[in-house]
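I opened this model to take notes on its fold, a pocket and some ring pairs. The entries follow in the order I looked things up.

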Amino acid sequence: MANLFRRFGLLTVVTVIGLIFVGGFVRASGSGMGCPDWPKCFGLWIPPTSVEQLPINYAEIYGEKLKGEIIFNPTKTWIEYINRLFGVLTGIFIIISVFFSFKAYFKTKPIIFYLSFSAFVLVLFEGWLGAKVVSSELHPSMVTVHMLLSIIILGLLLFAVLFSFQQKGHLKGLKKNRELSFLVGIGILLTCGQIIFGTQIREGIDIAQKTLGETGREQWIDHVIGKVWFHSGLGFSILLIQSILFIKIKNNFNRFARLVSLNTLIAVLLIIFSGLVLTFAGFPALIQPFHLTLSVIIISLQFVSLFLFNTKNN
C-alpha cells in the first residue's frame, strides 16, 4: 500500500501541474467561456462539435455570458472541456491517494493521511470555485484565488509524498537548517507574489486585446508595462535567492537536495527567459502557459526544499 501511495501521490502531483498548464492554455487561447455553463457545456454532457448541435436560440440563452462572442467556436469549447476533464481526473487520483494513505499510514504516520485528505477537501472546494469562476465570467480576483488554491493543493500533496519517502528511509543524510529554510520561505513568498502579479498582467492584456485587437498585439504590453517591470524584478529577486541557496547547498547537503536546488535554479532562468520573450515578442499565446507552468514547477521545487531543510533524518 505504501508503494502504491507513493506512485499515485507522484502521479497526482504531475496531474495537478498538468491541470495548471491546461488552465493556462485555456486562458491564453481565450477559451475560458468556451463552455458558458457548469457542469454541462451548452446544456450537454458531451460538448457540441458543430453549431447544428446547439439550440436554435443558443445566442439568446448564452449571449450575455459569452459577451457578444456568439459565433460558436468548437475549438475553444473543447479546450475548456478538456480542462474540466483534467480537473475530474485530478480529483479521481486524489481520492485514490487518500485511500492508499489511509490504508498505509493512518496508524504509523497519520500526517500523510491528513495531508492527503486535506488536499482532497480543497479539490472539492476548487471544483465549486471553478463553477463560480465561470458564473463570475472570469472575474480576475476569482481567477487569482482559483490559482492560489491550486498551489496550496500541490503543496499538501508534495508534503504527503515527501513524508512517505522519509518514512521509507529514502531521505537519509538530511539535517535541519534554519537559514536555508528562511531563504526558501522568502523565495516561496516572492514566487507567490510573482504568480499573483502575473494574473494581474494577464487581466491587463485581456483589456488591451479587446481595445486594440489582434493587429495591435505588439502594443498590448504597453498597457501593463509598470506591472511587467515589477513582475520582472520579483523574478530576478528569486534568481538571486536561488543562486545563494545553490551555492550554500552544493557542498553541505546530499545529492537529492543539490539536484532539487539545481533544477530550481534552471527553472528560474527559464521563466526569466520566457518572460523576456513574452515582453518583447508581442505576448505570443503559446509561451503563456509554459511561463505559468514554470512558475508552478519552481514553487513545487521550493516546497520540496522547504521540507528537506526542515527534516532531520540520519
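**Burial and fold**

I began with burial: 47% of the 314 residues in the chain are buried. Buried stands for under 20% relative accessible area, exposed for over 50%, and partly exposed for what lies in between, with a 1.4 Å probe and protein chains only. The model is predicted, so local features need pLDDT of at least 70 and side-chain atom pairs pLDDT 80 or more, while totals for chains, interfaces and linings use all residues. Residues are numbered from 1 along each chain as its sequence is written, and side-chain values use heavy atoms, without hydrogens and water.

I then read the secondary structure. The chain has ten helices and zero strands. Its pattern along the sequence is α-α-α-α-α-α-α-α-α-α. Helices are DSSP runs of H or I with at least four residues, strands are runs of E with at least two, and numbering starts at the N terminus.

Next came the surface. The accessible surface of the chain is about 15600 Å². Carbon and sulfur atoms hold 69% of that surface. These areas come from the Shrake-Rupley method with a 1.4 Å probe; for residues, only the protein chains shown count as cover.

I also checked contacts, meaning heavy atoms within 4.5 Å. Of the contacts between residues at least 6 apart in sequence, 77% join residues at least 24 apart.

**The second largest pocket**

Rolling a probe the size of a water molecule over the atoms shows where empty space is left. I looked up the second largest pocket and found about 440 Å³ of space in it. On a 1 Å grid over the protein atoms alone, a pocket is an open set of points with protein on both sides within 12 Å along at least five of seven lines, whereas a cavity is a set where a 1.4 Å probe fits but cannot get out; lining residues have an atom within 4 Å of a point. Grid points are joined across faces, edges and corners, and the volume is the space filled by probe spheres set on the points.

Which residues lie nearest the centre of this pocket? They are Leu-10, Leu-158, Phe-256, Leu-301 and Val-304, out of 17 lining residues. Helices H1 (2–28), H5 (140–168), H9 (255–280) and H10 (287–309) each supply at least two residues of the lining. I sorted the lining by type: 15 nonpolar, two polar and no charged. Here Ala, Val, Leu, Ile, Met, Phe, Trp, Tyr, Cys and Pro count as nonpolar, Asp, Glu, Lys and Arg as charged, and the others, Gly among them, as polar.

**Aromatic pairs**

A pair of aromatic rings is described by the distance of the centres and the angle of the planes. Rings of Phe, Tyr and Trp (its six-membered ring) pair if their centres lie within 6.5 Å; planes under 30 degrees apart are stacked, over 60 edge-to-face, and the rest tilted.

I searched the whole structure and got 17 aromatic pairs. One of them joins Phe-5 and Tyr-105, edge-to-face, at 5.7 Å centre to centre and 75° between the planes. Phe-5 sits in helix H1 and Tyr-105 in helix H3 (residues 74–105), 100 residues apart. Phe-5 is buried at 1% relative accessibility, and Tyr-105 is buried at 3%.

Phe-163 and Phe-307 have ring centres 4.9 Å apart and planes at 90°, so I logged this pair as edge-to-face. Phe-163 is in helix H5 and Phe-307 in helix H10, so the pair ties together parts 144 residues apart in sequence. I found Phe-163 buried at 16% and Phe-307 buried at 3%.

I noted a cluster too: ring pairs link Phe-102, Phe-106, Phe-113, Tyr-114, Phe-117 and Phe-120.

Is His-231 buried or exposed? His-231 is buried, because its relative accessibility is 12%. His-231 lies in helix H8 (residues 225–249). Beyond four places in sequence, His-231 touches Gln-194, Phe-197, Gly-198, Ile-201 and His-291.

Leu-190 is in helix H6. Leu-190 has contacts with Leu-234, Ser-237, Ile-238 and Ile-241, neighbours within four places set aside.

Thr-191 is also in helix H6 (residues 178–212). Thr-191 is buried at 0%. With residues up to four places away left out, Thr-191 touches Ile-238, Ser-295, Ile-298, Ile-299 and Gln-302.
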